[in-house]
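Dear colleague,

I am passing on the structure below, together with some notes on what was found in it. Please read the notes with the structure open beside you.

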Amino acid sequence: MDRLKELYEAKRAAEEVIARIDNAISSLDSASSWGLFDIFGGGMISSFIKRGKIQDANADIEEIYSSLTVLNKELEDVDMHLPTEISDTISDGAFDIWFDNIFTDIRVQGEIKDTLYELKDFRRNIISLIERLNAEIRQYQ
């Protein structure tokens with residue numbers, strides 16, 4: 001019976017990771033939209049808004065890390081990695097907002113797209129983990 005309880009706890013922790021990944025994906029989708037606007041005629045304001053969305057996404061990714069810590073405690077053999085943060089240094093912000101140029105806009109847009117891909121791939125891995133947990137839970141019921 002303890003094993004069943006552990007499985008349910010791991011499943012809840014994995015579901016929390018999924019919810020936080022979904023938040024990060026939403027933030028990055030918004031940043032991507034603003035990034036496209038920025039590339040095709042936006043200016044300082046669109047760069048500023050895009051940077052805010054990137055900061056939101058980075059905060060969401062930090063929350064994924066904390067949720068994953070809980071999941072790892074519940075399921076020691078989970079061996080996955082999280083995407084790295086999107087660069088949001090002071091110099092990036094200065095180049096992107098104050099020296100608004102297409103080269104920086106395209107580079108940042110590429111980073112957003114890469115991180116979106118990594119998050120979606122990571123989400124698929126967590127969904128697969130939940131499916132394995134569900135299969136084992138069914139064996140105990």
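I begin with Ser 32, which is buried at a relative accessible area of 4%, where buried means under 20% relative accessible area, computed with a 1.4 Å probe and protein chains only. Ser 32 lies in helix 1, and, apart from its neighbours within four places in sequence, it is in contact with Gln 109, Ile 112, Lys 113 and Leu 116, contact being heavy atoms within 4.5 Å.

Please keep in mind that this is a predicted model, in which local features need pLDDT of at least 70 and side-chain atom pairs count only at pLDDT 80 or more, while totals for chains, interfaces and linings use all residues. Residues are numbered from 1 along each chain as its sequence is written, and side-chain values use heavy atoms, with hydrogens and water left out.

As for the chain as a whole, it has 4 helices and 0 strands, these being DSSP runs numbered from the N terminus (helices H or I, at least four residues; strands E, at least two). Of its 141 residues, 39% are buried.

Methods:
Buried < 20%, exposed > 50% of the residue type's maximum accessible area, 1.4 Å probe, protein only.
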